Amino acid sequence: MPTANEPRQTSVAQAGGGGLASALGSLDAVGLLESLIGNVPGAIYRGALDADWTMHLIGEEIERISGYPATDFLPDGRRTYGSIIHPEHRDQVDAMVRAAVEAGEAFSLEYRIVRADGEVRWVLERGRRIVDSHGSEWLDGVIFDVTERRSVEDLTRQREAEVARVAELEASRARIVEAADAARRRLERDLHDGAQQRFVSAALALRLAQNRAADAELAKLLEQAAAELTAGLAELRELARGIHPALLTDRGLPGAVDALAGRCPMPVDVEVALPERPAPAVESAIYFTIAEALTNVAKYAGATSATVRLTQRDGLVCLEVHDDGRGGADPEAGSGLRGLTDRLAALGGRFTLLSPPEGGTVLRAEIPLTGGRTREQAITAS
Ligand SMILES: Nc1ncnc2c1ncn2[C@@H]1O[C@H](COP(=O)(O)OP(=O)(O)OP(=O)(O)O)[C@@H](O)[C@H]1O
Ligand SMILES: [Mg+2]
């Protein structure tokens, strides 16, 4: 095997077959080194394997990287290269380089240095131990400034963390809405099965007592008590429906929307075409959106009619509530429309309002059938 110093008639193109050393044999090594030192965007160096890594040769690039002239690092210079390594990295870098040297391996390290102006920069240093033709040991390598690359990487990492944080926030918002809806359903069931049943029994008992009462005055009192109880029961039912409509749980959106339309003072044309039943939280959000929209129509629009249209497209439930009233709806003027925006957004949905003066009002909402979560998540949660 020829050594690196032996002149040999070969070309760089053949280097892959004969090895780099044999290819270099035919070259002007000093010229090549000079040209590399001038052209490589890093500081090429040869240092001693001493305690301070004293440089015996180092490219001018080190001045751009460190702010100190190359001559500073040469023997009898003002400083050692080791002295500009960030104090937090110094021992580690020293240990890693020595370990690589001992193992006869090349090393590639990234660490921080402190520049002349005090700025901390990241460098990539690659090198290896070599033994020259006189038997002296050296450390040969190159130092690159990789601060920009590292800050791009840091930025990418931060962005990825931010994206993950936003996704988690959205998921937790959806979970909160779902938990609140589940609590409302439970509350409605408890009212229905508990308090309402007892009040119904009490009203029946009062009616019986009224029929049997011999005293006319007592019968009248019992009748009044029964009437109060029946009115209270109606209020309780209304309250339970506001908390969560039992009809929605039992018959889904088609039945519940019909009931909402039936309570409206003007004719409401309802069209529900949903091939699949949406997730419970989505059903509730749609139901309360329609309830709010129709309440607003009844309160403010002065409309002669309204329509409610519910369809499904591309995994989305699409709602449109339209009235032919006076328009001019303004989400900033109350809390109802703003509350809908938040509720729909929590489930990955969107809400738009078109309400020009005298032009009627169109409220549109779109929500993923699964409430902004994957089908698997929705199935697991249900
Ligand atoms: N369909 C509509 N036609 C005309 N004006 C509307 C319509 N819907 C809403 N508005 C107007 O927009 C305003 C805001 O409505 P929003 O539902 O946000 O609040 P609100 O109904 O006033 O109060 P809340 O809903 O909190 O009881 C209403 O006060 C009303 O002036
Ligand atoms: Mg309102």
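Biologist: Which helices each supply at least two residues of the shell around ligand 1?

Modeller: Helix H10 (280-301) and helix H11 (336-346). Helices here are DSSP runs of H or I, at least four residues, and strands are E runs of at least two, numbered from the N terminus. This is a predicted model: local features need pLDDT of at least 70, side-chain atom pairs count only at pLDDT 80 or more, and totals for chains, interfaces and linings use all residues. Residues are numbered from 1 along each chain as its sequence is written, while chains are lettered from A and ligands numbered from 1 in the order in which they are written.

Biologist: Where does the largest share of that shell come from?

Modeller: From H10, with 4 residues.

Biologist: And which residues come nearest to ligand 1?

Modeller: Asn296, Ala329, Gly334, Gly336 and Leu337, out of 19 around ligand 1. A residue is near if its C-beta atom, placed from the backbone, lies within 6 Å.

Biologist: New topic. How many helices and strands are in the chain?

Modeller: The chain has 12 helices and 10 strands. Its radius of gyration is 40 Å, well over the 21 Å that the globule rule gives for 382 residues, so the chain is more spread out than a compact globule. That radius is taken over C-alpha atoms, and the rule is 2.2 Å times the number of residues to the power 0.38.

Biologist: What box do the C-alpha atoms fill?

Modeller: Roughly 130 × 45 × 45 Å, along the principal axes.

Biologist: Which domains are assigned?

Modeller: Domain 1 (40-144) and domain 2 (251-382). The bounds come from an automatic or database assignment. Their centres, over C-alpha atoms, are 68 Å apart.
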